[in-house]
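Please open the structure in your viewer and keep the selection tool at hand.

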Amino acid sequence: MSVQGNQNASKSKPWADALRRAMNRYDGGKENALNLIADQTVKAAVSGDVWAVKEIAERMDGKAAQSVML
C-alpha cells in the first residue's frame with residue numbers, strides 16, 4: 001500500500017496549536033485576536049515599518065521568486 005500526500009503536514013505543530021488556543025481564549029469584545037493583530041500590522045505598515053510592508057506584500061502577492069546562481 002502506497003502512502004499519498006504530504007506526510008509532514010500531518011505531523012504535530014505544537015507552536016501553531018498553542019497560538020490557535022491562545023487566540024481562541026482571547027476576548028477583546030467584538031473583535032478577535034487575529035483581527036487585532038492584522039490591524040496592528042496594517043498600522044505599522046502605514047507608519048512606515050518595512051517589516052510590516054513586506055509581510056503584507058508577501059501575504060497578498062506571494063513571495064518574490066528567488067534566483068539561483070549556479
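Select α3 (50-61), a helix of twelve residues that reaches 16 Å from its first C-alpha to its last, close to the 16 Å expected at 1.5 Å a residue. Helices here are DSSP runs of H or I with at least four residues, numbered from the N terminus, and the expected span is 1.5 Å times one less than the number of residues. The model is predicted, so local features need pLDDT of at least 70 and side-chain atom pairs count only at pLDDT 80 or more, while totals for chains, interfaces and linings use all residues. Residues are numbered from 1 along each chain as its sequence is written, and side-chain values use heavy atoms, with hydrogens and water left out.

How many of the twelve residues of α3 are buried? The number is one, so α3 lies largely in the open; buried means under 20% relative accessible area and exposed over 50%, with partly exposed in between (1.4 Å probe, protein chains only). Next, select Gly 62, which follows α3 and has a positive phi, near 90°.

Now move to α2, residues 33-46. Its 14 residues reach 20 Å from first C-alpha to last, close to the 20 Å expected. Colour Ala 33, Thr 41, Ala 44 and Ala 45, the buried residues of α2. Viewed down the axis of α2, they fall within an arc of 110° and so line one face of the helix; the arc is that of the directions from the helix axis to the C-beta atoms. On the face turned away from this buried side, find the exposed residues Lys 43 and Val 46.

Finally, select Gly 48, which follows α2 and has a positive phi, near 105°.

Key. Helix = DSSP H or I, 4+ residues; strand = E, 2+ residues; numbered from the N terminus. Contact = heavy atoms within 4.5 Å.
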